[in-house]
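This briefing covers strand pairing, helix packing and pockets in the structure shown below.

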Amino acid sequence: MSIPNISQFPAGFTWGVATSSFQIEGATFVDGRGESIWDRFCATEGKVKNGDHGEIACDHYNRFEEDIALMKSLGVQSYRFSIAWPRILPTGTEQEPLEAGLAFYDRLVDALLAAGIEPWVTLYHWDLPQTLQDEGGWLNRRIVERFTHYTEILAKRLGDRVKNWITINEPWVVCHLGYGVGEHAPGLKSIQQSLLAAHHVLLAHGASVPVIRKHVKDAKVGITLNLCPSEPASQSPWDITANRLFDGFFNRWYLDPIFGRGYPTDMIEEYQRRGDLCDHINWVEEGDLETISVETDFLGINYYSRAVIRSDKVSEAENWERTVFDDGARTAFNWEVHAPSLERLLLRLTHDYGAKEIVVTENGASYPTTPDENGVVADVERQAYFEQHISACASAIEQGATLTGYFAWSLLDNFEWAEGYEQRFGLVWVDFETQERIPKQSALWLRDFWG
Ligand code: FCB
C-alpha cells in the first residue's frame, strides 16, 4: 500500500490523538476521587498482568501541562480524552459534583485551548464508580438515570468550551469483556448478563445525547464502537454462517439498534437457541429502541484488526467466536495487521448503514520498541501501521466514505487494562520509573505528515 499524502484528505479533516482517564491519569485517590471498578479489579489478585494498577500510570493528573506541550510540539490538532466519573461523583450517587474533579478538567480544557488543540471528550471510558457497580452497574436499569445525571453536570460545566462529545467508548468491550467473559472489570462471567448490560449501555447513550444538546450550543455528539470486520475462512456454508453470527455478535448487535434497525433477529434467535437470551423481551421496554436510535452527528469507530472465522463443526455453525488469522504481520498483542479491512469497514458503514459522518476515534498498534543508545525510539513497524491505515482511510474517502476524522491511539504508552504496562501503544515512549517521555519515530512521522 502506498504512503499517504495529506492532500488526499479534505480541508477541515480532524487529526488527533486519543487517551483515556484511567490509563494515564494516576492520582487514583487524590482530591476526593472515589473508587472505580478498575481500581477494584487491579487490586484483585490475578486479574491484571504483573499485578499492575493505575495508581501512578503516566502521572498525567500532575503532568498534563507537560503532555499538552508535547502534543503541541507534535502538531496535534485535536485531543480525545475521557473523564473519570469517580472524580466528578465519587460514588456516582451524589446529587452535587465534586468541585476538585471538575476543576481538573477545567484546567485541562483551558490548557488545550490555549495550545490551540481542540478537545474531544469521552464521558465513559470504563472507570465506573465502584458504588454503582455495587448496585449492579450496567445490569441495573437505574444506570441510565445515573449516567444522564453525570452527563448533565459535565455538559453544563464544559459545554461552553468543549463541542465534541462521545458518550460511551466501546460497548462490546464494556459488556462482553466486563460482564460476559470477565477479562475486564467488573469481571463477571455471564453472556446473558452481558446482553442485558449492552441494552443499558445503549440506552444510556441514547438518553444522554439530548442532555448534551440541551446544554452545549453547536454540540457534535456520537458514540464510539469497536468494530471488527470479519470474513469466513472458506466458502463452506458452515464458515459462512459462523462468520455471519460473529459479525452479529461483535458488530451488528450494536450497529443495528443505533441505526434504527432494532436488534438483529438472526442473533436474537441464535442467543435464544443458546439459552443466553431467555428473557430478552422483558428488557426492551416500550420506547427503548427509539431512545437508542437517537440521531447523532457522527459514529466513532475504533479499529485495530479483523477476524477470519472458521466454524469448528461441519454440520452446524457452533463456535462462531473462534478466529483464525492468516500469515500476515502481527503486533505485539498478536493482532493481525490488516489495513484493507478498515477500508472495507468504512465503506460498509457509509453504504450499508448510511452513516453520515464517521470518525476513527482510535487506531494504532502495540510494539515494544525501546530507546536505543542515542535515545531514539525507532518504531518502524508502528510507523508502517499508521502509513497503511491512513492510506486505507484515504482510499475509502476516494470511494465516497463519509470519514471526517482520525485519532491515533495513543499519545502515551499507558496502562493497557488487563495487560498492565506490558503492551505499549504510545506515540510517545514512557519510562514508568522516571516518567520521562520520548516521542517515537512514528510520532515524528505523524507530525510531518499532518504538518
Ligand atoms: C481499545 C480501548 C483503548 C485501548 C485500545 C488498545 O479497546 O478503547 O482504551 O486499550 O483498545
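**Pockets and barrel**

By class, 19 nonpolar, nine polar and seven charged residues make up the lining of the largest pocket. The model is a predicted one. Eight strands close into a barrel with parallel pairing.

**Largest pocket**

- The lining of the largest pocket counts 35 residues, and the closest to the pocket centre are Trp172, Val173, Leu177, Phe250 and Trp335.
- Helix H8 (171-180) and helix H10 each supply at least two residues of this lining.
- H8 gives the largest share of the lining, four residues.

**Second largest pocket**

- Around the second largest pocket, 15 residues form the lining, and Ile258, Phe259, Glu295, Thr296 and Lys356 are the closest to its centre.
- Sorted by class, that lining holds seven nonpolar, four polar and four charged residues.

**Barrel order and strand angle**

- The order of the strands around the barrel is E1-E2-E3-E4-E5-E7-E10-E11.
- On average, neighbouring strands of this sheet are turned by 25° against each other, direction ignored.
- Strands of a sheet pair through backbone hydrogen bonds, in either a parallel or an antiparallel arrangement.

**Strands E1 and E2**

- Three bridges pair strand E1 (residues 14-18) with strand E2 (residues 78-82) in the parallel sense.
- Within this pairing, Gly16 has Ser78 in E2 as its bridge partner.

**Helix H10 on the sheet**

- Helix H10 (residues 237-258) packs on the sheet and touches strand E5 (220-226) and strand E7 (298-302).
- The direction of H10 makes about 160° with that of E5.
- H10 also takes part in the lining of the largest pocket, where it supplies at least two residues.

**Strand E10 and its neighbours**

- Strand E10 (residues 358-362) is mostly covered, with five of its five residues buried.
- E7 and E10 run parallel and are joined by four bridges.
- Gly300 stands opposite Val359 of E10.
- E10 also pairs with strand E11 (residues 403-409), in the parallel sense and over three bridges.
- Ile358 stands opposite Leu403 of E11.

How values were computed: Residues are numbered from 1 along each chain as its sequence is written. This is a predicted model: local features need pLDDT of at least 70, side-chain atom pairs count only at pLDDT 80 or more; totals for chains, interfaces and linings use all residues. Side-chain values use heavy atoms; hydrogens and water are left out. Two strands pair if DSSP finds at least two bridges between them. Axes are lines fitted to C-alpha atoms, for helices over the stretch in contact, and angles run from 0 to 180 degrees between N-to-C directions. Contact means heavy atoms within 4.5 Å. On a 1 Å grid over the protein atoms alone, a cavity is a set of points where a 1.4 Å probe fits but cannot get out, and a pocket is an open set with protein on both sides within 12 Å along at least five of seven lines; lining residues have an atom within 4 Å of a point. Ala, Val, Leu, Ile, Met, Phe, Trp, Tyr, Cys and Pro count as nonpolar, Asp, Glu, Lys and Arg as charged, and the others, Gly among them, as polar. Buried means under 20% relative accessible area, exposed over 50%, partly exposed in between (1.4 Å probe, protein chains only).
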